[in-house]
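Hi,

Here is the structure I promised to pass on. Have a look at it first, then read my notes below.

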Amino acid sequence: MTEQLNKKTATSRVTNRLYQTSTMSALLDAVYDGETTLDDLLQHGDFGLGTFNALDGEMIVADGVVKQFRAEGIASQAHGGLKTPFACVTFFEPEQTITLDRPHNKEEFEAKVDELIGNPNLFAAVRFTGEFELADTRTVFCQCRPYPHMLDVVARQPTFTMKNISGQMLGFRTPHYMQGINVAGYHLHILSDDAQHGGHVTDYVVKRGKLEVASISDLEIELPRTKDFAEANLNPEGLSDSIRVAEGG
Ligand SMILES: [Zn+2]
């Protein structure tokens, strides 16, 4: 039975297609409740990131397991019935794999991925597995209605600095013309090897490890049919600056 199920899943999987629920601009405008369960999400990918309803922590999806980092930055395995207001996943199949054997800061790392992908107008999926000199992270914490704007939430977000850890950092590069739909530029989350620590990455220096990338040209975006989404302002003035502040560059 299990074997049959696995086979079925394997044949229905499309690799390197980005599945996204809702938009970054909606999250920014406090649409913090979605209708997509984690079980639904995992049908579309085993690799990715996002957040949880009520903005209850940062999400990382690694090898088909969803981890939740609440305000204290400690990971727990998330229940499949939990829902997400914003998440991006794919069945990641690396197109290129290289070894980084000297330290790269954020700018150098991003330049390396840009160079590998080549085309700046495609999405990219990125995974680095190895050692980090430094990783600065933040997480968000559970909000109550009436929901505050995301910029007010992130002004009070808990931040953490991890030094000399090993783990994996993964996520996506979004082309600039898609700002608002997603986060233009790099959006990466990290999970330590002990599966205990991590969150949304704001700065880092990787020491050595394996870098895997794939370009993405196939997108599936599911927009919410909720009242909150219907009433949200998804094209406010200064959207780009607000996303940069909210997502920490
Ligand atoms: Zn994030």
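Let's start with a question: is Glu-220 buried, partly exposed or exposed? Glu-220 counts as partly exposed, because its relative accessibility is 29%. The cut-offs are these: buried means under 20% relative accessible area, exposed means over 50%, and partly exposed is in between (1.4 Å probe, protein chains only).

Before going on, some housekeeping. This is a predicted model, in which local features need pLDDT of at least 70 and side-chain atom pairs count only at pLDDT 80 or more, while totals for chains, interfaces and linings use all residues. Residues are numbered from 1 along each chain as its sequence is written, and side-chain values use heavy atoms, with hydrogens and water left out.

**Salt bridges**

Back to Glu-220: its side chain meets that of Arg-17 in a salt bridge (3.7 Å, N to O). Glu-220 lies in strand E15 (residues 218-222) and Arg-17 in strand E1 (residues 17-21), so the pair ties together parts that are 203 residues apart in sequence. (Strands, E, at least two residues, and helices, H or I, at least four, are DSSP runs numbered from the N terminus.) Arg-17 is also partly exposed, at 29% relative accessibility.

The structure holds 15 salt bridges, each being a side-chain nitrogen of Lys or Arg within 4 Å of a carboxyl oxygen of Asp or Glu. Why can such pairs form? Side chains of opposite charge can pair when their charged atoms come close.

Another one joins Asp-56 and Arg-70, with the closest N and O atoms 3.1 Å apart. Here Asp-56 is buried at 15% relative accessibility, whereas Arg-70 is partly exposed at 33%.

Then there is Arg-138, in strand E11 (residues 123-138). Its side chain forms a salt bridge with that of Glu-247 (3.9 Å, N to O). Glu-247 sits in helix H7 (residues 239-247), 109 residues away from Arg-138 in the chain. Arg-138 and Glu-247 are both buried. The side chain of Arg-138 also makes a polar contact with the side chain of Glu-58 (2.9 Å). For that term, a pair of N or O atoms must lie within 3.5 Å; within protein, one must be able to donate a hydrogen and the other to accept it, and residues adjacent in sequence count only if both atoms are side-chain atoms.

**The zinc ion**

Which residues are the protein donors of the zinc ion? They are His-187 (NE2), His-189 (NE2) and His-200 (ND1), lying 2.0 to 2.1 Å from the zinc ion. Donors are N, O and S atoms within 2.8 Å of the metal (3.2 Å for Na, K and Ca); water is not among the atoms, so sites may look incomplete. His-189 lies in strand E13 (residues 185-192) and His-200 in strand E14 (residues 198-216), so the pair ties together parts that are eleven residues apart in sequence. His-189 is buried at 0% relative accessibility, and His-200 is buried at 1%.

**Aromatic rings**

The count comes to six aromatic pairs. Rings of Phe, Tyr and Trp (its six-membered ring) pair if their centres lie within 6.5 Å; planes under 30 degrees apart count as stacked, over 60 as edge-to-face and the rest as tilted. One of them is the tilted pair of Tyr-32 and Tyr-147, at 4.9 Å centre to centre and 55° between the planes. Tyr-32 is buried at 0% relative accessible area, and Tyr-147 is buried at 17%.

Enjoy looking around!
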